[in-house]
Amino acid sequence: MSWAEIGSEEELRELLGEVMPRAVTKERVRLHARDRDWLAASPFCLIATSDAEGNCDVSPKGDPAGFVHVIDDTTIAIPDRPGNRRADGFLNVLKNPHVGLIFLIPGRNETLRVNGRARLVREAPFFDEMVVKGHRPRLALVVEIEQIFFHCAKAFLRSQLWAPGSWNPSVLPSHATLIKEVQVVEETLEQLESYYGEGYAKKLYG
């Protein structure tokens, strides 16, 4: 069976139709008061980046609600927390500053989307306002906003993401089991189960 690929904007528009007027006018370039409210209520975001060759990465970031620091109407900062130190997204930003962000509020089907240019900052006065559980971030991703808008709820409604009745976390084995099956690791399954067990949540900030 052959594939029928789309190779031009004209083909795409012929298939999808023109953009709805309301979808065009929703774009903003500065934070509205309601954008600030959303950021204050959001505990989780996704950060999309790509390197100079276009290789992409999407990284999740999470902290207590309001973890994003608003510097001014066109600038926000996202603190970094201890992780696995791959720094895929940060390495991309050093080569290509363009980023895309999606901010979620649990239970809310809409999202707030931000596109802009980012840079890495290792020290600034506002770091003192991003301390969580005594942990002051070692660096932050500072984003100059170029585009911001609210995204509709259809993807969340289709996926039933927030509907507990649709949840089935046990459809796959434990994370430790998955790691043991797909990676070459020195640890035994028991050691991995212990690492990702109850004590894992105690190591979030140090």
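1. A salt bridge is taken here as a side-chain nitrogen of Lys or Arg within 4 Å of a carboxyl oxygen of Asp or Glu, and by this rule the count comes to eleven. The side chains of Asp80 and Lys61 meet in one of them, at 3.5 Å from N to O. Asp80 lies in the loop between β4 and α4 and Lys61 in strand β2, so the pair ties together parts that are 19 residues apart in sequence. Asp80 counts as buried at 14% relative accessibility, and Lys61 is buried too, with a relative accessible area of 18%; buried means under 20% relative accessible area, exposed over 50% and partly exposed in between, with a 1.4 Å probe and protein chains only.

2. The model is predicted, so that local features need pLDDT of at least 70 and side-chain atom pairs count only at pLDDT 80 or more, whereas totals for chains, interfaces and linings use all residues. Residues are numbered from 1 along each chain as its sequence is written, and side-chain values use heavy atoms, with hydrogens and water left out.

3. The secondary structure comes to seven helices and seven strands, where helices (H or I, at least four residues) and strands (E, at least two) are DSSP runs numbered from the N terminus. Read along the sequence, the pattern is α-α-α-β-β-β-β-α-β-β-β-α-α-α. The C-alpha trace spans about 55 × 55 × 40 Å along its principal axes, and buried residues make up 30% of the 206 residues in the chain.

4. Arg34 pairs with Asp37, the closest N and O atoms being 3.0 Å apart, and because the two are three residues apart in helix α3 (residues 33-41), they are separated by about one helical turn. Arg34 counts as exposed at 56% relative accessibility, while Asp37 is partly exposed at 41%. Arg136 forms a salt bridge with Glu123, with closest N and O atoms 2.8 Å apart; both residues lie in the loop between β6 and β7, 13 residues apart. Arg136 is partly exposed at 30% relative accessibility, as is Glu123 at 47%.

5. The largest pocket has a volume of about 1400 Å³. On a 1 Å grid over the protein atoms alone, a pocket is an open set of points with protein on both sides within 12 Å along at least five of seven lines, a cavity is a set where a 1.4 Å probe fits but cannot get out, and lining residues have an atom within 4 Å of a point. Grid points are joined across faces, edges and corners, and a volume is the space filled by probe spheres set on the points. The largest pocket is lined by 40 residues, of which Arg81, Pro82, Gly83, Asn84 and Arg85 lie nearest its centre. The largest share of this lining, six residues, comes from β2. By class, the lining has 21 nonpolar, nine polar and ten charged residues, with Ala, Val, Leu, Ile, Met, Phe, Trp, Tyr, Cys and Pro counted as nonpolar, Asp, Glu, Lys and Arg as charged, and the others, Gly among them, as polar.

6. Asn84 itself lies in the loop between β4 (75-79) and α4, and at 60% relative accessibility it counts as exposed. Ala87 is found in that loop between β4 and α4 as well; its phi is near 60°, a positive value in a residue other than glycine. Most residues other than glycine have a negative phi. Lys133, in the loop between β6 (111-121) and β7, also has a positive phi, near 50°, and is exposed with a relative accessible area of 73%.

7. The second largest pocket holds about 280 Å³ of space, and its lining has four nonpolar, one polar and three charged residues. Both α2 (21-25) and β7 (140-151) supply at least two residues of that lining. A search of the whole structure finds one cavity of 30 Å³ or more, and Asp80, Arg81, Pro82, His135, Pro137, Arg138 and Leu139 line the largest cavity.

8. Helix α1 is hardly covered, the count of buried residues among its eight residues being zero. Leu12, whose place is in helix α1 (residues 9-16), is partly exposed with a relative accessible area of 35%. After α1 comes Gly17, with a positive phi near 90°.
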